[in-house]
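Subject: Structure handover

Hello,

Here is the structure for your files. Please have it open while you read the notes under it.

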Amino acid sequence: MTNQEWKFTSKDIAAKPDLFLSGHRACAGCVPATVLRLVMKATRGPTIVTEATGCMEVVSSIYPYTSWATPWLHTAFETAAANASGIEAALKIMKKKGKIKQDQVDVIAVAGDGGTYDIGIQALSGAVERGHDFLFVLYDNEAYMNTGIQRSGGTPHGASTTTTPAGTSVPGKLEYKKPIADIMVAHDMPYVATASPYYWRDLITKVRKGLEVEGPAFLHVLAPCPRGWRSDPAKSIEYSKLAVETCVFPLWESVNGQCQLSVPSRLIALAPQKKKPVADYLRGQGRFRHMFGPQGKNLLEEMQLITDEKWQRILKKCGMEKQP
Amino acid sequence: MTSDEKGWKEIAPAGVCSKSSTLFLTGDWKTYTPVRDPAKCTICLTCVIFCPDGAIHWHPEKGDIEFDLSFCKGCGICANECPTKAISMKIEQE
Amino acid sequence: MKSLVKQEKTAMSGDEAVAFAVKQSDVDVVAAYPITPQTIIVEKFSEYVANGEVQTEFVCTESEHSALAASLAASATGARAFTATASAGLALMHEMLFVTSGCRSPVVMAVANRALSAPLNIHGDHSDSIAQRDSGWIQLYVENAQEAYDSVIQAFRIAEDFGVMLPVMVGLDGFTLSHTLENVETLPDDVTKKFVGPRLLPNILTHEGKTVPFKLDPDNPMTMGPIALQNYYFEFKRQQDEAMKNALAVIQKVNDEYAEVSGRKYGNGLVEVYHLEDAEVAVVCMGSTAGTMKNVVDELRQEGVKAGLLRLRAFRPLPVEEIRKALENVKAVAVLDKSLSFGGNGGAVFHEVRHVLYDAKAKPYIVNYVYGLGGRDASPIELRGIYNDLLRILEKGVGNPIQYLGLRE
């Protein structure tokens, strides 16, 4: 890990040419697209990107058009981390044999929640266990959006999706959101972090840290999807802010297992009166609309309980549970 | 299907993409178009950073930003996030 | 044929012969997962790695699906990649086999042919690779450990040929070849390395309007593996089919060039013709059974029977001309299948040989013997019985066209 942190201004970032190009076919207000733009702004030099099947893959590579100004490979849904393993191994050996010109080539694997929590988890776990030097970026829009908003392991409890609709008998997804970042920390890997695009400085800093780390790094980014969340496209970034302010999606990083809350969440830990009620985040999202109806009170209370319990666990993990 | 789609003998193999998406103008998707009030704009560049389509450009040599309406899909994130409410979304006129 | 270089003769199993061929072929990345009866390939290779005998990144992936994904990605980065598997492992790779071919990635894979579950069976038959005949991979089936060594070396040249650029799988019979010791003649390291040559890359046009080497390179970005909608997908598939057609000539060429270096040739590379010039009865088969069959044919010839054998070395691309020419003057043909296409009225090789001869001037009787499933041994006596059946057919016509050799009724 470098000791010198990269300092940048909004002008620096804005002036950097986009490597995730305009003209992609993402929906209006798609925050995964913002996330990828910002991730690519954080690159430090020659970079190869490999991506799993999903929204961002499909919208950016409709033959003959491509939105990628870097080398980019897609093979299948499960394989973002397996691809990254192969690319990294090839670069390593070809450099040894004098076949690679560049001094350093970064490898980034990109996947949605489908290609990370569920069908992609095997390859991810294997690649991390083998210690390949790459950054895995999860853009989490909390369902299989590209195929029509079906539930994933990352879909939160109570969310209405097309395979867990909120009906008269069953109020949305009964299962809970898999703690993927915690699972990655349990792999004893060098760097794991969560990020939210509203806090773009934090996001960009974490991407750069992940690239600089030697060995595998994992970045879990919340990426609101107005289509799947059935929310106002204009508020998509705002939801990524509310998720942090309500502690539904706390921001933290784990460096060699040492956990630390990031500034936006740390401010709430130090001043708990700043913590907003979960309803502020859920309101306006069609996938949680049933929680605001006549049958919804219990569900809403349950959501607050789950969020609070998870928040206390994070505080404990980051050594901040004794805060007043 | 248009007539400038090539046959199998002419297309590069393996599906390697042959055009940049910057040739595919998504600006005609929008219903609402962003309108900026330069008096309120502080050039904080928040809109440039958040735009999912990279449709707002920062021109350091001009010291100003520019909206590229040929890619803007009219999502309204820029208007929603602008700290001084300098951007408003108006129905796009034909 | 006289060889030009001094070769070393060592006792090796088929798996060891494959590992040795990979060792000599300047492979950059081996990404693999162990499965019986391929395990000796990866174990032997990892010994080479541990002793510093190869300059190869050896990636022990967590499954075969990831093994092929990693090999494909390494190949896309410009590296020479190899993997190996069998049976369920090949089945698990199914999705990625199509992707590898579609990405025109010249990965070479050894398959220690083994039966598919269920029930579980670790022994040799061809059901694993026959089930993948549509995947766009070139398929070679070898008769012995010597040919396994020779074919893996040739496979890199075939796959990487600019007119082909398709992945190649080399099938060797599970246990019968993979685990049985044979005398294998190996070329000196420098001779093999020179024959295979460095991995060269064809040039390709990218979205930046540049024509550059086909690999993931930050200096010349390109997008590989896009989504192609209804208006483009078909054209890419047609290109793969054309590459298969080109492979017919390339397999022959590489076979000839290899013969000049090693003194060993396998028919014309696509098929091996044994005593077929004036044969009245013939058998078509693939793999190690052909070795036993050659002995049977020799015996029959000594007794004055006009028997012959056609061994298919290449199953994909299907050597249509060679099959037609070899069999159109034979009177009765038995096609052996070491796999079964349930509900398909016979095995895959039977279907394909029959369809080739449909347009021939003179049509032989063609019958099918399904045999050897799950490693069921077929003795020389049983195999000789096939020729007896064919002779009977010449007199009395075909009874049951599809039979199961060695099955307990």
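This is a predicted model: local features need pLDDT of at least 70, side-chain atom pairs count only at pLDDT 80 or more; totals for chains, interfaces and linings use all residues.

Residues are numbered from 1 along each chain as its sequence is written, while chains are lettered from A and ligands numbered from 1 in the order in which they are written.

Chain A

Chain A has 13 helices and nine strands. Helices (H or I, at least four residues) and strands (E, at least two) are DSSP runs, numbered from the N terminus. The radius of gyration of chain A is 19 Å, close to the 20 Å that the globule rule gives for 324 residues, so chain A is as compact as a globular protein of that length. That radius is taken over C-alpha atoms, and the globule rule is 2.2 Å times the number of residues to the power 0.38. The C-alpha trace of chain A spans about 70 × 50 × 40 Å along its principal axes.

Of the 324 residues of chain A, 60% count as buried. Buried means that 20 or more other C-beta atoms, placed from the backbone, lie within 10 Å of the residue's own. Among contacts in chain A with a separation of 6 or more, 69% are between residues 24 or more positions apart. Two residues are in contact if their C-beta atoms, placed from the backbone, lie within 7 Å.

Strand E8 (residues 252–255) and strand E9 (residues 258–261) of chain A run antiparallel and are joined by four bridges. Strands are said to pair if DSSP finds at least two bridges between them. A:Ser254 has A:Cys259 as its bridge partner in E9(A). Two residues lie between E8(A) and E9(A), and A:Asn256 in the turn has a positive phi of about 50°.

Chain A with chain B

The contact takes 32 residues from chain A and 32 residues from chain B. On the chain A side, the elements giving two or more residues are helix H1 (10–15), helix H2 (31–41), strand E2 (65–66) and helix H10 (236–245). H1(A) gives the most, with five residues. By class, this side of chain A has 16 nonpolar, ten polar and six charged residues. Ala, Val, Leu, Ile, Met, Phe, Trp, Tyr, Cys and Pro count as nonpolar, Asp, Glu, Lys and Arg as charged, and the others, Gly among them, as polar.

Strand pairing also crosses between these chains: E2(A) runs parallel to strand E1 (residues 19–20) of chain B, with two bridges joining them. Here A:Tyr65 has B:Lys19 as its bridge partner.

Chain A with chain C

This contact takes 40 residues from chain A and 40 residues from chain C. Strand E1 (47–51), strand E3 (72–74), helix H4 (80–96) and helix H6 (121–129) of chain A each supply at least two residues of the side that touches chain C. The largest share, twelve residues, comes from H4(A). The residues on this side of chain A divide into 20 nonpolar, 14 polar and six charged. E3(A) is joined by two bridges to strand E11 (residues 223–224) of chain C, and the two run parallel. In that pair, A:Leu73 stands opposite C:Met224.

Chain C

An automatic or database domain assignment divides chain C into domain 1 (8–202 + 233–262) and domain 2 (271–405). The C-alpha centres of these domains lie 27 Å apart, and 26 residues of domain 1 are in contact with 20 residues of domain 2. H9(C) provides the largest share of the domain 1 side, five residues.

Chain C also has an open sheet of seven strands in the order E3-E2-E4-E5-E7-E6-E15, with mixed pairing. Its edge strands, E3 (57–60) and E15 (314–316), each pair on one side only. Within the sheet, strand E4 (residues 81–85) and strand E5 (residues 108–113) of chain C run parallel and are joined by four bridges.

Lastly, C:Ala19 lies in helix H1 (residues 14–24) of chain C. C:Ala19 counts as buried because it has 27 C-beta neighbours inside 10 Å.

Regards

Notes: A residue is buried if 20 or more other C-beta atoms lie within 10 Å of its own, exposed if 12 or fewer, and partly exposed in between; C-beta atoms are placed from the backbone.
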